[in-house]
Amino acid sequence: MEGKPREGTPHRGATAQEALDAMDRMVALALVSQHDIAQRLGLNVTDLTCLGHVIGAGERHLSAGDLAQHANVTTGAITGVINRLERAGYVSRQPDPADRRRVRVVLDENAAARVYAVYGPHYRRLAALAADYTPQDRAVLADWFTRARQAMEESLQEIREPAQADPQP
């Protein structure tokens, strides 16, 4: 039935706890998967995360500071990340034409192909899975992932803040 949109697969109802439990199991597996993919590409997980942001930025070419912000790492740590990505042949540093004091992180022309060779099967499986959902279902999923990411960012900020001293009785 080429050209005809799929109706989606019927799904049974789930409780909020069942959804959270399923998410926890998926996130745990994703962490292990990211580690193994990073190793296969000769990187660590932080470097792979940063490389993903560089690929995602496309021709916008992130500055080192922007990359640090996207990856939730310090500007000091991003220097080491970029050094490792550069040594591995994934990126290069180029001066920003608008501000020569800034450095842009530019993807090597063969880097995306190297990454997609490893990630390709994974994303094809996820695309096939997404096709089992209606456009409305996918809109709900996209909304949930977006809002869950925002909640996780808030939690990360709280975790990283210095612990508040408990008032003494």
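A polar contact is a pair of N or O atoms within 3.5 Å; within protein, one of the two must be able to donate a hydrogen and the other to accept it. The views below show a predicted model.

View 1. A polar atom of the Asp96 side chain lies 2.9 Å from the backbone nitrogen of Ala98. Because the relative accessible area of Asp96 is 12%, this residue is buried. With neighbours within four places in sequence set aside, Asp96 is in contact with Arg102 and Arg104.

**View 2. Ser63 in the loop between α2 and α3.** Ser63 is found in the loop that joins these two helices, of which α3 comprises residues 64-71. Its relative accessibility is 6%, so Ser63 counts as buried, the threshold being under 20% relative accessible area. When residues up to four places away in sequence are not counted, Ser63 touches Arg102, Val103, Arg104 and Val105.

**View 3. Packing of helix α2 against helix α5.** Two packed helices are described by the angle between their axes and by the distance between the axes. For α2 (residues 45-57) and α5 (residues 111-130), the angle is about 115° and the axes are 11 Å apart. The crossing of α2 and α5 is left-handed. On the α2 side the contact is made by Leu48, Leu51 and Ile55, and on the α5 side by Ala112, Val115, Tyr116 and Tyr119. By class, this contact has seven nonpolar residues, with no polar and no charged ones.

Key: Residues are numbered from 1 along each chain as its sequence is written. This is a predicted model: local features need pLDDT of at least 70, side-chain atom pairs count only at pLDDT 80 or more; totals for chains, interfaces and linings use all residues. Side-chain values use heavy atoms; hydrogens and water are left out. Buried means under 20% relative accessible area, exposed over 50%, partly exposed in between (1.4 Å probe, protein chains only). Contact means heavy atoms within 4.5 Å. Axes are lines fitted to C-alpha atoms, for helices over the stretch in contact, and angles run from 0 to 180 degrees between N-to-C directions. Helices (H or I, at least four residues) and strands (E, at least two) are DSSP runs, numbered from the N terminus. A crossing is left-handed if the near helix is turned anticlockwise from the far one by less than a right angle, and right-handed if clockwise. Ala, Val, Leu, Ile, Met, Phe, Trp, Tyr, Cys and Pro count as nonpolar, Asp, Glu, Lys and Arg as charged, and the others, Gly among them, as polar.
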